[in-house]
Amino acid sequence: MVESTPLLPKHSSQFQSQQFWADFFKESQKQESFEWYSEYAELLPYLKAMLPEPTPETRLLIPGCGDSLLSEKLALEMGYKNVVSIDFEPEVIARMQKRGVAGLTYETMDILDLKYESGSFQAIVDKGTYDAICVDYKEETVSKLSKYLQESMRVLN
Ligand SMILES: C[S@@+](CC[C@H](N)C(=O)[O-])C[C@H]1O[C@@H](n2cnc3c(N)ncnc32)[C@H](O)[C@@H]1O
């Protein structure tokens, strides 16, 4: 994890701006990854307690993956063979695809408009993405949150 970046937002409203994320990922590509909030090791007890068993049928969705290495850890260290990670920033998705880790799929997609069938995931692991939407109490923000939760519930099995 990097200690700091010149591109941390000056105001929380920037978290909702796709341009902010495009600029952020231009900067963050100078290092391997930028983990928001928590590292895999810190999350491991919670992941073990809350995620379903990693059977061949278990499919996980990681919304707003950015360049976090969490998806790779879920595949390589926890044994999940079907991890789908999405972000609306195409550059960061292209960068993660190039890493070529088996069992991982990266797709450019808006978390508010999931292109997946209903009931097609056993769990969703959101690390920092809900927070990136939940920046104020404006009507538009609340309806985005509601849409995100509806879409998430729809694709969960
Ligand atoms: C705080 S970062 C968390 C990144 C990563 N999950 C982590 O833990 O390091 C929020 C991420 O959500 C993505 N994001 C924000 N709004 C999105 C949306 N509507 N659709 C898809 N991705 C979105 C951003 O591009 C960014 O990668």
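My notes go from the whole chain to the sheet, and then to one helix.

**Entry 1: the whole chain.** I reminded myself at the outset that this is a predicted model. I counted the secondary structure and got six helices and four strands. Reading along the sequence, I wrote the pattern down as α-α-β-α-β-α-β-β-α-α.

**Entry 2: overall dimensions.** I looked up the extent of the C-alpha trace, which spans about 40 × 35 × 30 Å along the principal axes. Next I checked the radius of gyration: a compact globule of 157 residues would have one near 15 Å, and the protein's value of 15 Å agrees with that. Buried residues come to 24% of the 157. I also checked how far apart in sequence the contacting residues are. Of the contacts with a separation of 6 or more, 62% join residues 24 or more positions apart.

**Entry 3: the sheet.** In what order do the strands sit in the sheet? I found an open sheet of four strands, ordered S3-S2-S1-S4, with parallel pairing. S3 and S4 (123-124) are at the edges with a single partner strand each, so one side of each has no neighbour in the sheet. I then followed the pairing of S2 with S3, which is parallel and runs over five bridges. One pair I noted down by name: Val83 has Leu104 in S3 as its bridge partner.

**Entry 4: helix H4.** I turned to H4, residues 90-98, and asked which of its residues are buried. They are Val92, Ile93 and Met96. Looking down the helix axis, I saw that these buried residues fall within an arc of 100°, so they line one face of H4. The background I had in mind is that an α-helix has 3.6 residues a turn, so residues three or four places apart point the same way. On the face turned away from the buried side, I found the exposed residues Pro90, Ala94 and Lys98.

Entry 5: H4 lies across S2 and S3, and I noted its angle to S3 as about 160°.

Definitions and conventions
Residues are numbered from 1 along each chain as its sequence is written. This is a predicted model: local features need pLDDT of at least 70, side-chain atom pairs count only at pLDDT 80 or more; totals for chains, interfaces and linings use all residues. A residue is buried if 20 or more other C-beta atoms lie within 10 Å of its own, exposed if 12 or fewer, and partly exposed in between; C-beta atoms are placed from the backbone. Helices (H or I, at least four residues) and strands (E, at least two) are DSSP runs, numbered from the N terminus. The arc is that of the directions from the helix axis to the C-beta atoms. The radius of gyration is taken over C-alpha atoms; the globule rule is 2.2 Å times the number of residues to the power 0.38. Two residues are in contact if their C-beta atoms, placed from the backbone, lie within 7 Å. Two strands pair if DSSP finds at least two bridges between them. Axes are lines fitted to C-alpha atoms, for helices over the stretch in contact, and angles run from 0 to 180 degrees between N-to-C directions.
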